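Trainee: Please take me through one part of this model up close, the place where the chains meet. I'd like the cut-offs as you go.

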Amino acid sequence: MKWGVVSFPGSLDDRDTLYALREVMGQDAIPLWHKDESLGGARCIVLPGGFSYGDYLRCGAIARCSPIMRSVVRFANDGGLVMGICNGFQILCEAHLLPGALTRNRSLSFICEQVTVRVANAHTAFTRSARKGALLRLPIKHGEGLYTAFDDELSAIEERGQVLLRYVAPDGSARDEANPNGSINAIAGVANERFNVFGLMPHPEHAIEPRLGGDDGLAIFRSIIESAA
Amino acid sequence: MNSDPVSLPGEPAVDLNLGIAHGLTPEEFDHIKKILGRIPTYTELGVFSVMWSEHCSYKSSRRHLKMMPSRGPRVVQGPGENAGAIDIGDGWLAVFKIESHNHPSFVEPYQGAATGVGGILRDIFTMGARPIANMDSLKFGSFDHPRTKYLLASVVGGIGGYGNCVGVPTVAGETMFDPAYNGNILVNAFCLGLVRREDLLSARASGVGNPVLYVGSATGRDGIHGASLLASAEFDAESESKRPTVQVGDPFTEKLLIEACLEAARTGAIVAIQDMGAAGLTSSSSEMAGRGGLGIELDLDRVPLREAGLTPYEILLSESQERMLIVADRGRVDELQRVFAKWDLHAVEIGRITDDQNWRIRFGGRIVADIPIAPLSDDAPMYDRPAAPPADPQPIESSHPKPPPPSRAGDALRTLLASPNIASKRWIFRQYDSIVQSNTVAGPGGDAAVLRIKGVRRGLALTVDSNPRACAIDPYLGAVATVCEAAINVACAGARPVGITNCLNYGNPERPEIMWQFIRGVEGIRDAAIAFAAPVVSGNVSFYNETEGRAIPPTPTIAMVGLLEDFTAAVTHFFTHAGDQVLVVRTNSPRLAGSEYAAQFRCDDRGLDSRGLGSIDLSYERALAEMLVDAAQAGLIRSAHDVSGGGLAVALTEACFNPGGALGAEFSLPSEFETAVELFGEGRSTIVLSAAAENIGQLRQLIGAAGLKIVASGRVTELPRLKIGSVIDEDVLALREIYERALPGRIGEP
């Protein structure tokens, strides 16, 4: 399957995502440049982690104005699969492809560590190869990952099952101290209403090799491959 | 050129007093007049003052640094370029260096630390290497000092703010708190990059007529005289006023610059490249031309500026960040400019290489500086400063009266685990991205970080170490011990030590006792580096680390690069399997002198001064390192942990902290070992090894063949309880709680 990974100026995990897709999963993956509008015929677009445009303004606020984002929005509106990881998640929220917003961690500092997330909805293109309730060990590394949404929006998201991943303790229990950034309802990943756009703060592309801290991230990529098949 | 350069209207008249105000001595000022055959212009005076500053010229240290071993079969580039390079096989070179940013970080901690990271990154990618790992060595004052929390939070914030944003993982580091650094913190930043052998770039200009390109950020007024007035003088009550000499970092532009420079390098159109670090445009241009034995002409009217009205003096001395100077292959400027345009960066032709060995600067159609290059760089003043041991050596003293040691060893262990010097540094390293680039096999928190190299079996182990308390007692032995610790740390991960970079932090070299400390330190590094066959390929000297006449303890910081033949054979520092056997191997008996135990508790003389640091037999140290590497690569051991701060008891405790679930350990100790010095003493070198029972015979053989002694043994237990002889019997989970909570608790976080 063909993937497109967008590089904005300041993107950091674009190379790692290409590495994960090509070298570890044997996928056909192409880099996409922020100044272009072509998506190169990709079936799934990944917006990677990083600090697009330095994120000196609100994270993702400038990146969403890039030429490539016009195509990404059109592609998403046509039902194409789009996944935003970390900064990519922030960009998707800024572009209004996903509900809610991401703000500074409640500790007010950057956090890099392994977390456990529970798959809250396994009936989606991004989670179908996992069981509902499955626990995934994934790394996070961000300063602004506190997910928030207005009350009415939040209850709608919850009702429709748009929350795909939630932070939990390693044993799977829901505990406040297991929520690394203070996200509302411990939300780690959320989909749009059509379930073709997905944003998550943890980095599945950094959890694909047992030697490098585990391979639970493969579940996400495999789900997308199955969905596109 | 027929006319002498001119001072510009409005510039101060140059005389000896102005020279002294610029940090020059009367002799140096006379020497400048002799070189030029006239009074320097105001611009030239500024240029000499930075290029002849201690920071840029190494005038007090140069003659001594030569004694360090810098050659070896793996060395491709030793000292003299922006960073050293060693061959690590498979066509790859590891390019690395460590550098201080102490003074800026004390005056303006966030930006000082951030730009320290930025500067060391540029030293690496200017060699054509992609930076793949950062490390930091930090020294702060006591937690009781009112500025310590602020400095800690801001320095860590700055390192993270910059390193995280450029996409280079911070994989290891060390942090120490001691009242000796209350008035002068240390921030030493290390970076390592990888480059294919054929793609290594140089900072040696060649080709008369080749154009000179200015790339990266525009030039502003920040950082002027950072190298001379800030880095090359002691602190006093006025230091706060030097804040404007600290640069301001822009990591986003640095990230673009990394990608653009590496892409530009692939065109083959770069002849030479150097970053504009200390002394900015001045040092980069004069050093590149100087190395090539050529001259250079620059037209400052073409330099991109952040604001109008900068004088030539300001443009030449600005230390604005994220700028590089490139000597391009004539006729291929367009090609390079296209690459920088893609990344939205300036790339402006501002001059050319000449054949007259002069450094000539134009501004507003006039020549404002015209200086022979050699005296600016290679022939800068060099001093043989007097050195003498102090009359009465003073080890670092605690600022508080110390309590007597507790009668129960378990109580002492808990006190040590709660010391910020021993406690987990998770509060610090969780603020750093340690996994970006997908190479981190073992990140912060262990003896050494382990990185794989994509596409090959080999891997790298990295550590950064220092031991100022030992250096304060004996600057030679302390330096030897520091190199040993670094070498043993990478060996514990299973890697052979292959290269060193060092950052030598000392006080005012104009004082004979400081110069003596420095020379003894260099001698110690030399002897230990030779013993481990690990050449010193790059480094940095930071003098004048003192405040109001009180110097820091001698602090040579050693970063060691180790090579793993097979990264999958790397071992952890923590126990992995209940039921495994544990062996304690050592090269010498431990000492309390200079230990954390002695810093925490009042120790009698028998434990301290009368026994001193003891001796270090480097042949044993090397045998130990080789044994560890062989055992790891042969798959005989499951974990190896170097005993350091807090001694054997702390090392055993840490080895129980398996991140997947705490384990325990049981040790029988001969009763004569149940003493504070055996349990908590430090010194070279003691290792805690664990191995599967079926390998223990072979492992014992290997240890015996290396001439090393096994002094204690035990086993790993499922039950998380640490039992050492009859003296320690503690719940590992409770110990871990103390260890993990100590630093956040001190900082006042929940």
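Mentor: Let's start with salt bridges: one is counted when a side-chain nitrogen of Lys or Arg lies within 4 Å of a carboxyl oxygen of Asp or Glu. Glu209(A) and Arg452(B) make such a pair, with their closest N and O atoms 2.7 Å apart. In total, the rule finds 4 salt bridges across the interface of chain B and chain A. Keep in mind that this is a predicted model, where local features need pLDDT of at least 70 and side-chain atom pairs pLDDT 80 or more, while totals for chains, interfaces and linings use all residues. As for bookkeeping, residues count from 1 along each chain as its sequence is written, chains are lettered from A and ligands numbered from 1 in the order written, and side-chain values use heavy atoms, without hydrogens or water.

Now the whole interface. Contact (heavy atoms within 4.5 Å) links 30 residues of chain B to 26 residues of chain A. Interface size is often quoted as the accessible area lost when the parts come together. Here, the buried area (accessible area lost by two parts on being put together, 1.4 Å probe, summed over both) is about 2,400 Å², and 59% of it is on carbon and sulfur atoms. On the chain B side, Phe252(B), Arg430(B) and Ile435(B) lose the most area to chain A, together 25% of what that side buries. Arg452(B), then, is the chain B partner of Glu209(A) in a salt bridge, while Phe252(B), Arg430(B) and Ile435(B) are the ones to look at for buried area.
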